[in-house]
Amino acid sequence: MTHESGHTPRRGAGLALAALGVVFGDIGTSPLYALQTVFSIDHNMVKTSPGDVYGVISLVFWAITLVVSVKYVYFILRADNDGEGGVMALAALARRSVRPGGRRFTLVMLLGVLGASLFYGDSVITPAISVMSAIEGLSVPAPQLGHLVVPIGAAIIALLFGVQRYGTQLVGRFFGPVMVLWFLVLGVLGAAQVVQDPAILGGLSPHHAVLFVVDHPFIAFVAMGAVVLSITGAEALYADMGHFGRGPISRAWFVVVFPALTLNYLGQGAMILQHPETAENPFFHLAPNALGVPLVVLATAATVIASQAVISGAFSVSRQAERLGYLPRLTVRHTSRQEQGQIYVPAVNWTLFVGVMLLLLTFQSSQRLATAYGLAVTGTFLITTTLFLILAESAWRWSRLQLALLAVPLLVLELTFFGANLTKVLHGGWLPLLIAVMVATVMLTWQRGRTLVTDRRSAMEGPLEPFVDWLQGQPVGKVPGTAVFLHPDKASTPLALRENAMFNHVIHETVLIVSTTSENIPVVADADRVEVDDLGDPYDAITHLTLRFGFQEDQDIPAALRLARDRGLVEVDPDDAYYFLSRIALQRGQDGELPLWRKRLFLALAHNAASPVEYFRLPADRTVAMGATVVF
């Protein structure tokens, strides 16, 4: 985790360079398809006339300024959950500031789930549209290669997802320099056109956007549905804050990214005014024909980096959702010994791969994919703004005037973006909505089913303290060694412990009942990791341990027990202990607490959850599972 105060100037520059490679890949590749889509949307409804071109350039510039520079960089990046960002982290942060059990408490986490669900929709579309838009540039210098666009795109996507298991650390060091070159090329290509037609700088004035909206309100509304493509990837600034910190991200944005994007969009506008026929692919027409193929290669590299950032983001969001109780246990593999955040989640990786390939093979062009793109992005913008306003009002005590000054311009703009994209629902916009609904259904079903099963399980297990008292009067034998029983809480008795005592009439000399909790922060300090409770009798050799983990951490139980031993909290050797799991066999009941189809979904999710042995990093040869059946 990175905190700005600890950065030396050299380290700060290094982090800003790294941020260019990871954080800005998505928004940095938007010039490939944003203006192209604006001028082709709804059968070229937006014309290449000076009024329309100046209006569009003004809309793009002010959308980037308000949404990215003002909203995200100036305001949203201040809302860090112990250094971490992203919509689930923002929801967890906002939840801490509202009254537990109240309507806003439920609303905040529901918005977090919806935001995460929309992010998955974005994660499926981004790799497909980014890679396709880059390779389609081949049709400018080499039209005869147009038929190879889809096969090349499919091959690159397959390779990208195939290498995820090896992690990004080997190629990550090249991301920054490649993106520096990319943004330099964006700026130079744009500046070359601006020098030829300096009048295009007038497009930076907001009055052109206002005139465009007043003169052609319907056309401007339709155009807004494509203008939003220029700010896709803005959420990544916040989602990746934990890796780099607010300072390096802000500096990289204002020093490199914002100027390069502005120059490139101005250059494309000037190009369209001088040569209206280039509106079908203005970005690649900025370069001389001789540089066409090298530009396609560089653009493809940039889009692969953009896709990598989104895939890594999906891994992080999945783990956050799991830690907060909205997904079952996931198999998570660390791909770097130095970077905590570099993880690989096989189930998420291959699910995304199937989705991206289906999209690529179905839509077959970035132009058609663009119609499906905006809804996920604008929905996430609205959710992030709403959660931030709740946080600002409840935690930071903003006045109504302060809230209104930020909320009115942002919500008017973002609701306009969202409304304009609703017109695309029948033309592909249904796709991210379908993905979001499916993901939200999975998350909410798992959270509800988990609550029901935990309640039924606790009723079966019975309270712990009476059981410990009962043991004192029973002829129960003691076997040498330490038994570690994994259990959700200390209110009830682990089934494995109860069965050992009641049916086998033995318990171990030392019994540790271990519960893990996921805290509302990304990382828990070692000093706060372990809480010991002797359950009222320090001499009965039965102790309860609560191990606290942040939602970004692996729940490594043997490592936490070593920490407890080293601090003198318990006498245990984790490498010699036996670990007991209470395995629950789930069975559908006939009650109406959950519809039958949601019970089936919950059972399927539970069946495919990661093995607790791997999840908790337990030694397989010293782990014993004992079970019972729970009807829910």
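## Aromatic pairs

Y615 and F616 are both buried (under 20% relative accessible area, with exposed over 50% and partly exposed in between; 1.4 Å probe, protein chains only). The model is predicted: local features need pLDDT of at least 70, side-chain atom pairs count only at pLDDT 80 or more, and totals for chains, interfaces and linings use all residues. Residues are numbered from 1 along each chain as its sequence is written, and side-chain values use heavy atoms, leaving out hydrogens and water.

The whole structure holds 20 aromatic pairs (Phe, Tyr or six-membered Trp ring centres within 6.5 Å; planes under 30 degrees apart are stacked, over 60 edge-to-face, the rest tilted). F315 and Y344 are edge-to-face, because their ring centres lie 6.0 Å apart and their planes stand at 85 degrees. F315 sits in helix α16 and Y344 in strand β2 (residues 343-344), 29 residues apart. Helices (H or I, at least four residues) and strands (E, at least two) are DSSP runs, numbered from the N terminus. F315 and Y344 are buried. Y615 and F616 also pair edge-to-face, at 5.0 Å centre to centre and 90 degrees between the planes.

## Nonpolar cores

The largest nonpolar core has 161 residues (buried Ala, Val, Leu, Ile, Met, Phe, Trp, Tyr and Cys joined through side-chain atoms within 4.5 Å). Helix α7 (residues 103-135) gives the most to this core, with 16 residues. F24, W253 and M443 are among the residues touching the most other members. Apart from this core lies another, of 22 residues, including A560 and L581.
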